[in-house]
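Dear colleague,

Please find below the structure that I am handing over to you. My findings follow directly after it.

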There are 2 protein chains.
Amino acid sequence: MAYTIRDVAKKANVSTATVSRILNDLGGYSDKTKMKVLDVIQELEYFPSGIARGLTNNRTHTIGVLVPNLTSSLIAEFLTGIESVAHKVGSSVIVCHTESQGIKTMKYLQLLHEKRIDGLIIASTVLKEEYYDYIVKMNVPLVLLSAYSEFPVPYVIANDHQAAYSATKHLIQNGHSKLGMISGNKEEWIAGNTIPRVEGFKRALSDFNIPIDDRCIEYGRFSIEDGVKSLRKLLNRNPDLTAIFAENDEIGIGVLSAAFELGISVPKDISVIGMDDINLCKFMNPPLSSISLSHNEMAEEAAGMIFKMIESGSKVENSILGHQLVERQSVRSH
Amino acid sequence: MAYTIRDVAKKANVSTATVSRILNDLGGYSDKTKMKVLDVIQELEYFPSGIARGLTNNRTHTIGVLVPNLTSSLIAEFLTGIESVAHKVGSSVIVCHTESQGIKTMKYLQLLHEKRIDGLIIASTVLKEEYYDYIVKMNVPLVLLSAYSEFPVPYVIANDHQAAYSATKHLIQNGHSKLGMISGNKEEWIAGNTIPRVEGFKRALSDFNIPIDDRCIEYGRFSIEDGVKSLRKLLNRNPDLTAIFAENDEIGIGVLSAAFELGISVPKDISVIGMDDINLCKFMNPPLSSISLSHNEMAEEAAGMIFKMIESGSKVENSILGHQLVERQSVRSH
């Protein structure tokens, strides 16, 4: 790091302003000049570091995204949406996979701090105090995606309560009165989606005068495997159920799979509706009805908010996006 | 950046060695000391940058991974495997989503260069000359995962030819002689998997004295949607097929979905085998037989190779991993 931008300019026979323009990707130079300067930079081992650039224009054009997993379709859809907005405004995205672990999350926050990101999106993760305190110290804009928080942080969510109500109502309006719900673990609920979804389920039952029986709700976790296990447990306890509301589509896909194994026909013997409307739903046998939560829009909204905060330094409003019933072939009239 | 490590040490009333140990996460100090030092760093706006740390110990403990998409299960499994090895050796992973686009790929390579990664893994991507040249300039170790290359770069692959041969042989040994294959686009083949897979299919037919008819191979792309479309086209041309080899499981899931729509029963009317053995296979109706290519092992192997190269600076050998038939319920005797 002994060489300076002046050394680079001198050796490449251009002005320091040109070197700076090249480093900051501002245009106004030929490809040939650019290649020459980059060659000199390489030769001198002068490092046009993100940090140095950050000091010049106060921006590294990089945002960080923390996600709890990489194998859920939902997270993949979030990342794709965020990435597409970031790409449009010329920013890159660093994806950090926390596995919902506190230690990994803190480690990634440190990494993002070191890499001097312009802003941070945390998706489907409970914002712990420890994270929040560190991010306040990092002094970068933060948006929560599909997560609530007790801290003053803007968020983008769906109306989970209302969406769950719609799913349940759809089953009831198809003549079902023996309904079960398969939900995520209420102790480890992801960022607060589970509780409003369970409440939405219960409120719909109550509004349609169907007695609420807590044994008809199975709490598991959120993967396809969990859906398989949960259906078996739920049906063991309640063999007369005719319809299942799965809190997310992965659980719903697990329910379809377990039903196949058990020789139960969907929707002939049992109706199933999921939530999230991930891409896979339409390819299931039978195609899985679901509630679309507009994840792509949610992700784009969160990305839009973060870039607005980065640009203007101003606060942004929370955003609650709509949902929509997507009828396929996994629910039938009873 | 006016303050130095000495200023931090002085103000926190510790030695510079302690500050350095804290910055490099080496232990040997109390949590209280650590918090105090971090507070001073925050207060002075002294930046313990990745680059500065890199200069000290020549490492940023960060590797980059370039992936062509984020929605395929295969990529998610690769990332999970890489991440788990990196985490064990104390490194973080920056995931960059290139969408197989040259411009985005170059932009991410620049970003990774600026962020001073220790090493780079490129997954399921054709290594273009432009990328290769830039990476040579970056002077970081590179490993290709599930991709071949004409350049002298170590890679981890499966034996695609042999795996496709095994899949086809399984169908033939179940009595099928009217076989179709649905493959990715031969012009845009991803990193060279398609051609050996088609060749493996043809060689199996040939070894079992089944005539090869090129109309029985449909070239589409690699998603579930593509599998749906391709089955329709393939059956239009060849209505008498009794078994389908899908080049990857996503195509295979699309085949199951299209068969359901068309009222064709799997495996009663048509047998289907996929390849990759992604997690979803076992949850399909019917569960999809496949060839396991040990993606987790491949990813861990690639990560192991990159860290070995980073540690020792030495070359590593290419790695070709095995495969295994996973029989489920989508193939039956004819």
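In this predicted model, strand E6 of chain A, residues 179-184, pairs with E7(A) in the parallel sense, over 4 bridges. Within that pairing, A:Ile182 stands opposite A:Glu218 of E7(A).

Both strands belong to an open sheet of 4 strands in chain A, with parallel pairing and the order E7-E6-E8-E9. Strand E7 (217-220) and strand E9 (271-273) of chain A each have a single partner strand and stand at the edges, so one side of each is left without a neighbour in the sheet. From one strand to the next, the twist averages 20°.

Two helices of chain A may be of interest to you here. Helix H8, residues 160-173 of chain A, packs on the sheet, where it touches E6, strand E8 (243-246) and E9 of chain A. The direction of helix H8 makes about 165° with that of E8(A). Helix H11, residues 249-262 of chain A, also packs on the sheet and touches E6, E8 and E9 of chain A. For helix H11, the direction makes about 125° with that of E6(A).

With kind regards

Methods. Residues numbered from 1 in each chain as written. Chains lettered and ligands numbered in written order. Predicted model: local features only at pLDDT ≥ 70, side-chain atom pairs only at ≥ 80, totals over all residues. Heavy atoms only, no water. Pairing = 2+ DSSP bridges. Axes fitted to C-alpha atoms, helices over the stretch in contact; angles between N-to-C directions. Contact = heavy atoms within 4.5 Å.
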